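I am opening a notebook page on this structure and will write down what I looked up, entry by entry. The model comes first, and my notes follow it.

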Amino acid sequence: MSELIEAFRLVVAPDVLIAILLSSIYGLVIGSLPGLSATMATALLVPVTFYLSPIAAVATIIAASAMAIFSGDIPGCLLRIPGTPASAAYTDEAYALTRKGQPEIALGAGLWFSALGGIAGTISLVVMAPLLAELALNFSTFEYFWLAFLGLMCATLVARSSPVKAIASMLLGLLVACIGMENPGGVPRFTFGLSDLLGGVEAIPVLVGVFAVSEVIRALVSPEPPPLPRRRFGSILAGQLALTRKYWRQMTRGNIVGIIIGVLPGAGADMAAWVSYAMSKRFSKEQHKFGTGHPEGLVEAGASNNASLASGWVPSLLFGIPGDTITAIAIGVLYMKGLNPGPTLFTERASSMYALYIIFILANILMIPLGIIMIRLASQVLRAPRATVMPVILVCCAVGAFATGNNLFAIVLVAVFGVIGYVMENNGYPVAAMVLGIVMGTMVEQSFVTSLIKSDGSLLPFFERPVSAVLAAMTISALLWPAFIWLWKRIRPRPQEHAL
Amino acid sequence: MRLSDRITGSFVAVLGVLATYGGSQLPPVPGQDVGPSAFPIVIGIGLVLCGAMIALGIGHSFEEEAEADLAAVEGPPQRAQPADSPIHKLRALLPPGLLLFYVYAADRLGFVPTAAIMIFAASVAFGARLRVALSLAILAPVAIHLVFYKLLRVPLPPGLLPMPW
């Protein structure tokens with residue numbers, strides 16, 4: 001109990017509250033601009049977190065990412081351009097509602113069910129994390145190896161691309177993580193004689209390059225989105241209670257699916273939205289209404305993507321294995337702030353953990369009033385032309401990367417990975433898989449090599465301990481899953497074709 | 001820049017071969033079988049396998065499905081435009097080029113002039129009117145400098161134009 005009071009004391013500190021408010025506004029604006037994703041918003045926040053207290057730093061990330069995932073719905077609904085990839089799944093549906101003259105319903109559903117989903121995700125984090133922490137205390141390097149490997153495999157499974165290319169991206173990330181001296185032998189590896197590479201390739205410049213610079217490049221070669229027509233909205237939240245009552249089943253299902261996908265290492269909000277929208281359509285009694293401006297799918301997918309955000313923190317806090325690309329950044333910040341992820345975090349720094357839960361709840365409650373203001377101002381914010389936003393983002397990329405180590409080489413990395421990210425994404429190689437490979441590379445290698453040394457080079461002990469055997473089975477089935485799907489489709493012709 | 005699977009797959013495979021070879025050349029830890037070379041070799045072999053499969057077009061059907069899903073949301077791709085000339089495509093190199101320019105020039109010119117040049121060039125490339133681009137190039141670097149230098153204490157180089165704070 002004293003820890004809970006201590007946690008409240010941590011959260012109500014003025015710097016934390018101001019950080020939450022400012023980063024919420026920042027997240028809302030960035031998320032609503034097409035092409036600027038929640039991950040990018042978070043990556044650009046990192047240099048700012050250097051100068052904040054640990055709790056305030058984590059608070060900015062939580063608040064900004066939650067807001068950005070919601071506000072990605074706004075341009076999706078009004079312009080048919082998803083603001084973040086997590087909104088892409090149901091953009092069409094939301095836009096159809098706008099065309100029917102009911103943008104309030106679509107935006108309100110996005111806001112209301114995002115906030116409820118975020119709170120459901122937080123509850124799952126509160127319940128699940130301590131239980132799993134107890135289990136995790138018994139983990140050895142074998143389990144950690146499989147867990148990290150499973151995380152990487154999940155990242156490839158959920159990528160909306162060829163699984164082979166996703167695995168190749170993931171391996172590329174692991175290869176990049178090999179660079180530097182931090183390896184079992186302590187020898188310079190793949191540094192090509194460059195002293196700047198001795199310390200390895202840091203995750204933050206890579207993230208900024210891959211998620212921000214490549215977006216700037218893409219914006220430069222693609223046509224400008226159409227301007228938003230000015231319109232006045234009716235009441236945003238009116239009718240949402242009725243929707244909640246009507247679709248509470250769908251909402252709960254969306255929450256649960258979102259939580260599960262979030263907990264899976266590597267799979268995040270985008271995937272949660274796609275799966276939930278598809279599920280909603282599949283199980284709906286009014287399937288024919290989907291795509292014509294029917295709120296049912298919006299409810300389920302909106303509830304899902306925000307729920308996944310909070311539960312994505314479960315593997316991140318417990319094992320240091322990111323639940324999605326946003327928590328991949330958050331883990332770096334946690335380490336920097338001395339909140340090293342691991343099961344002991346819950347026993348030794350319990351008050352910090354409670355503070356984190358409180359921030360989640362607070363951010364999701366704050367989302368409703370701020371979200372309403374944002375929707376009302378959307379036509380002004382979305383009017384900001386790319387020609388003024390993108391150049392500033394580019395300079396912020398340079399300064400942000402420089403700030404991570406006061407080192408100009410980081411900016412070279414940003415430029416290089418900006419190009420790599422752009423080329424990869426254009427050719428169907430999912431960059432998120434590569435990023436997770438880079439973030440988790442050192443951990444995978446350490447647990448792999450330590451385990452191999454312990455077992456004298458034999459692979460058998462990797463499967464002998466009960467938990468590691470289960471994790472191994474899950475990993476291998478994740479590896480074989482695409483082949484299974486392919487075979488299944490070969491044997492059975494696609495049912496959708498008959499339906500059409 | 002869209003390349004065929006054959007090219008990207010071969011590139012991945014060659015990278016795998018190089019990683020395996022480079023990894024195998026690393027000095028071992030004395031008295032131990034497993035050292036710094038184990039992990040790159042495993043990754044290298046994986047990359048070779050993936051690269052070969054990509055070049056042979058295995059797994060391509062998944063990609064087509066995902067694209068069909070996305071096309072259903074975003075409408076038909078609007079890429080094929082007359083402006084798609086080689087010069088137009090070269091604009092893609094501008095953002096990384098400007099970042100490298102920053103690395104080269106920041107210490108010589110200082111943050112504010114360097115950032116002003118970057119912003120001006122980028123906003124012109126995005127098609128901003130000259131007046132907008134100029135005023136943005138004058139105001140934005142000063143604002144960014146204020147936030148990062150004054151509030152966040154990032155040691156941005158003063159160069160030719162030190163700010164009064």
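Predicted model: local features only at pLDDT ≥ 70, side-chain atom pairs only at ≥ 80, totals over all residues.

**Entry 1, a pair of helices.** I began with two helices of chain A and noted that H7(A) passes H12(A) in a right-handed crossing, where a crossing is right-handed if the near helix is turned clockwise from the far one by less than a right angle, and left-handed if anticlockwise. H7 covers residues 103–136 and H12 covers residues 248–263, and their axes come within 10 Å and cross at roughly 50°. The two helices are therefore oblique to each other, since angles under 35 degrees count as roughly parallel, over 145 as roughly antiparallel, 65 to 115 as roughly perpendicular and the rest as oblique. For the axes I rely on lines fitted to C-alpha atoms, for helices over the stretch in contact, with angles running from 0 to 180 degrees between N-to-C directions. Helices (H or I, at least four residues) and strands (E, at least two) are DSSP runs, numbered from the N terminus.

I then listed who makes the contact (heavy atoms within 4.5 Å): H7(A) brings Phe113(A), Leu116(A), Gly117(A), Ala120(A), Gly121(A), Ser124(A) and Met128(A), while H12(A) brings Met251(A), Asn255(A), Ile259(A) and Val263(A).

Residues are numbered from 1 along each chain as its sequence is written, chains are lettered from A and ligands numbered from 1 in the order in which they are written, and side-chain values use heavy atoms, with hydrogens and water left out.

I looked up Gly118(A), which is found in helix H7 of chain A, and it is buried, with a relative accessible area of 2%; buried means under 20%, exposed over 50% and partly exposed in between (1.4 Å probe, protein chains only). Leaving aside neighbours within four places in sequence, Gly118(A) is in contact with Asn306(A), Ala307(A), Ala310(A) and Asn364(A).

Ser351(A) lies in helix H18 of chain A, residues 350–381, and counts as buried at 17% relative accessibility. Not counting residues up to four places away in sequence, Ser351(A) touches Glu3(A), Glu6(A), Ala7(A) and Leu10(A).

Which of them is buried or exposed? Phe190(A) counts as buried at 18% relative accessibility, whereas Phe192(A) is exposed at 70%.

I found 0 disulfides over all chains, a disulfide being a pair of cysteine sulfur atoms within 2.5 Å. Cys396(A) is in none, and the nearest cysteine sulfur, that of Cys397(A), is 7.3 Å away. The sulfur of Cys50(B) is 15 Å from the closest cysteine sulfur, in Cys178(A), which is too far for a bond, and Cys50(B) counts as buried at 7% relative accessibility.

**Entry 7, chain B as a whole.** Chain B holds 7 helices and 0 strands, and 41% of its 165 residues count as buried. Among its contacts between residues at least 6 apart in sequence, 52% join residues at least 24 apart.
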